[in-house]
Amino acid sequence: MIVEMVAGHQSCSDREATGTLLYLDMVIMMTVEGKVRTEPQFAKLFSEAGFASYTITPVCGLRVLIELYP
């Protein structure tokens with residue numbers, strides 16, 4: 001189980017949420033050289049790690065719960 005932000009997911013569909021997500025993406029890139037991933041990027045990452053499937057459930061604001069299945 002992963003609690004994360006997913007760029008472009010319906011959990012952040014309004015303009016204000018998208019702006020916040022983009023701001024956080026820039027902060028993450030500047031501080032820890034990371035990034036906020038899109039769902040297709042997560043899907044590729046999970047597949048390469050050996051997981052067969054996943055589900056994404058919005059939980060709180062921009063955050064989603066990602067459940068991975070072997």
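Which residues is Met1 in contact with, leaving aside its neighbours within four places in sequence? In this predicted model, Met1 is in contact with Leu65, Ile66 and Glu67, where contact means heavy atoms within 4.5 Å. Met1 and Glu67 are 66 residues apart in sequence, and their C-alpha atoms are 4.7 Å apart in space. Met1 is found in the segment before E1 and counts as exposed, at 75% relative accessibility; buried means under 20% relative accessible area, exposed over 50%, and partly exposed in between, with a 1.4 Å probe and protein chains only.

Residues are numbered from 1 along each chain as its sequence is written, and side-chain values use heavy atoms, with hydrogens and water left out. Because the model is predicted, local features need pLDDT of at least 70 and side-chain atom pairs count only at pLDDT 80 or more, whereas totals for chains, interfaces and linings use all residues.

The chain has two helices and three strands, which are DSSP runs numbered from the N terminus (helices H or I, at least four residues; strands E, at least two). Read along the sequence, these elements follow the pattern β-α-α-β-β. Of the 70 residues in the chain, 24% are buried. Among the contacts in the chain with a separation of 6 or more, 51% are between residues 24 or more positions apart. The accessible surface comes to about 4,900 Å², and 58% of this surface belongs to carbon and sulfur atoms; accessible areas come from the Shrake-Rupley method with a 1.4 Å probe, and for residues only the protein chains shown count as cover.

The three strands form an open sheet in the order E1-E3-E2, with antiparallel pairing; two strands pair if DSSP finds at least two bridges between them. Strands E1 (2-5) and E2 (53-60) stand at the edges and have a single partner strand each, so one side of each is left without a neighbour in the sheet. On average, neighbouring strands of this sheet are turned by 35 degrees against each other, direction ignored. Axes are lines fitted to C-alpha atoms, for helices over the stretch in contact, and angles run from 0 to 180 degrees between N-to-C directions. Helix H2 (residues 39-48) packs on the sheet and touches E1, E2 and E3. The direction of H2 makes about 135 degrees with that of E2.

E1 is joined to E3 by four bridges, and the two strands run antiparallel. Within this pairing, Val3 stands opposite Leu65 in E3. Seven bridges join E2 to E3 (residues 63-69), also in antiparallel fashion. E2 and E3 form a hairpin with two residues between them, and Gly61 in the turn has a positive phi of about 60 degrees. In a regular strand the side chains alternate between the two faces of the sheet.

Thr55 is found in strand E2 and counts as partly exposed, at 30% relative accessibility. Not counting residues up to four places away in sequence, Thr55 touches Leu65, Ile66, Glu67 and Tyr69. Thr55 and Ile66 are eleven residues apart along the chain, and their C-alpha atoms are separated by 5.7 Å.

The structure holds one salt bridge, defined as a side-chain nitrogen of Lys or Arg within 4 Å of a carboxyl oxygen of Asp or Glu. The salt bridge is formed by Lys44 and Glu48, with the closest N and O atoms 3.9 Å apart. These two residues are four residues apart in helix H2, so about one helical turn separates Lys44 from Glu48. Lys44 is exposed, with a relative accessible area of 55%, and Glu48 is exposed, with a relative accessible area of 60%.

A nonpolar patch on the surface is formed by Tyr23, Met26, Met29 and Met30, with about 480 Å² of accessible area together. Patches are made of residues with over 30% relative accessible area and no salt bridge; like charges are joined within 9 Å, and nonpolar side chains (Val, Leu, Ile, Met, Phe, Trp, Tyr) within 5 Å. Met30 is found in helix H1 (residues 15-32), and Met30 counts as exposed because its relative accessibility is 68%.
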